[in-house]
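Dear colleague,

Please find below the structure that I am handing over to you. My notes on what was found in it follow directly after.

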Amino acid sequence: MTTSVELPALVVSQDRAPIALRSDDILLRWVLPEIFHEMPVNVQDDDTAVQLLEELADKALPGADYDEKTKFAVMCALAVGDLPAVGVEYAAVCLTVSDEIPCIATFFVSLMNSPEAVGATTLVKEISSGLRLAKMGDVSVIELPCGAAVACIGNREAEISGELLDGEEGVALPTSYIQVYVPLPNETTVLMEISTPTMSGWEVFSTMFGNIVSSIRLFKADGSPLITSSEGV
């Protein structure tokens, strides 16, 4: 069954220029609101990584003191440390306030091998079936401007390091997420995810994420638009 994405009004924020990610011969572009700040993924040089983390803390927490910025930078460093190993190519973090409560969300983009199937229709069915079997959450096939995709809304526990809690032991923090899987016609699937442990910001974050995935556009190597077929889904 295919459902159409119905989005509420866009949260007021300025959008930056489209972000680009290349998967072999396909270029993926999407628009991310300025309230999100890019995290340094796949940075090999330690000094460069530290500098980027410091700049990230300055942008995300402009009025905070040194200790608060340092703790935030450490949190981001711990968060991005293992991301390349699981295929994450882009990451960003968002700090905001909802109903006077501080909220945080992380945004990831990964590339993974598609299931062994032929055609976009079969791919989305295979992906959605696999997610349902794994009991990942509420799974549905959706239609985006770039073609058919699979959405999954679920919950998990995120480990928070004791370093950030002024203690020796970390804690498991309940976290909610939305994932969208976009199969490409080159045996690659793009996974976009937003997650938050602060449920007071869920409506804001889910609204922004809906607009982000709706902004996805695919292009061929020559720059011409590419739309994946969803006929018969």
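In which loop is the place of Asp99? Asp99 sits in the loop between β5 and β6. Strands here are DSSP runs of E with at least two residues, helices are runs of H or I with at least four residues, and both are numbered from the N terminus.

Before the details, two remarks on the basis of these notes. This is a predicted model, in which local features need pLDDT of at least 70 and side-chain atom pairs count only at pLDDT 80 or more, while totals for chains, interfaces and linings use all residues. Residues are numbered from 1 along each chain as its sequence is written, and side-chain values use heavy atoms, with hydrogens and water left out.

Strand pairing

Strand β5 (residues 88-98) pairs with strand β6 (residues 101-113) in the antiparallel sense, over 10 bridges; two strands pair if DSSP finds at least two bridges between them. The two strands form a hairpin with two residues between them. Within this pairing, Val97 has Pro102 of β6 as its bridge partner. Strand β6 is also joined to strand β10 (residues 188-196), by eight bridges, and these strands run antiparallel.

Backbone and loops

Most residues other than glycine have a negative phi. Asp99 has a positive phi near 55° although it is a residue other than glycine. Asp99 counts as exposed because its relative accessible area is 68%; the cut-offs are under 20% for buried, over 50% for exposed and in between for partly exposed, with a 1.4 Å probe and protein chains only.

Asp24 likewise is not a glycine and has a positive phi, of about 55°. Asp24 belongs to the loop between β2 and β3 (26-30), and its relative accessibility of 62% makes it exposed. Ser23, in contrast, is part of strand β2 (residues 19-23) and is buried, at 6% relative accessibility. Leaving aside residues up to four places away in sequence, Ser23 touches Leu111, Leu184, Asn186 and Thr188, where contact means heavy atoms within 4.5 Å.

Salt bridges

How many salt bridges does a search of the whole structure find? The search finds two, a salt bridge being a side-chain nitrogen of Lys or Arg within 4 Å of a carboxyl oxygen of Asp or Glu.

One of them joins Lys69 to Asp58, with the closest N and O atoms 3.2 Å apart. Lys69 lies in helix α2 (residues 66-80) and Asp58 in helix α1 (residues 46-60), so this pair ties together parts that are 11 residues apart in sequence. Lys69 is buried, with a relative accessible area of 18%, whereas Asp58 is partly exposed at 42%.

Arg156 and Glu193 meet through their side chains in a salt bridge of 2.4 Å, N to O. This pair links distant parts of the chain, with Arg156 in strand β8 (residues 147-160) and Glu193 in strand β10, 37 residues apart. Arg156 is partly exposed, at 33% relative accessible area, while Glu193 is buried at 7%.

Cysteines

The structure holds zero disulfides, a disulfide being a pair of cysteine sulfur atoms within 2.5 Å. For Cys94, the nearest cysteine sulfur is that of Cys103, 8.8 Å away. Cys94 is buried, with a relative accessible area of 0%, and Cys76 is buried at 1%.

With kind regards
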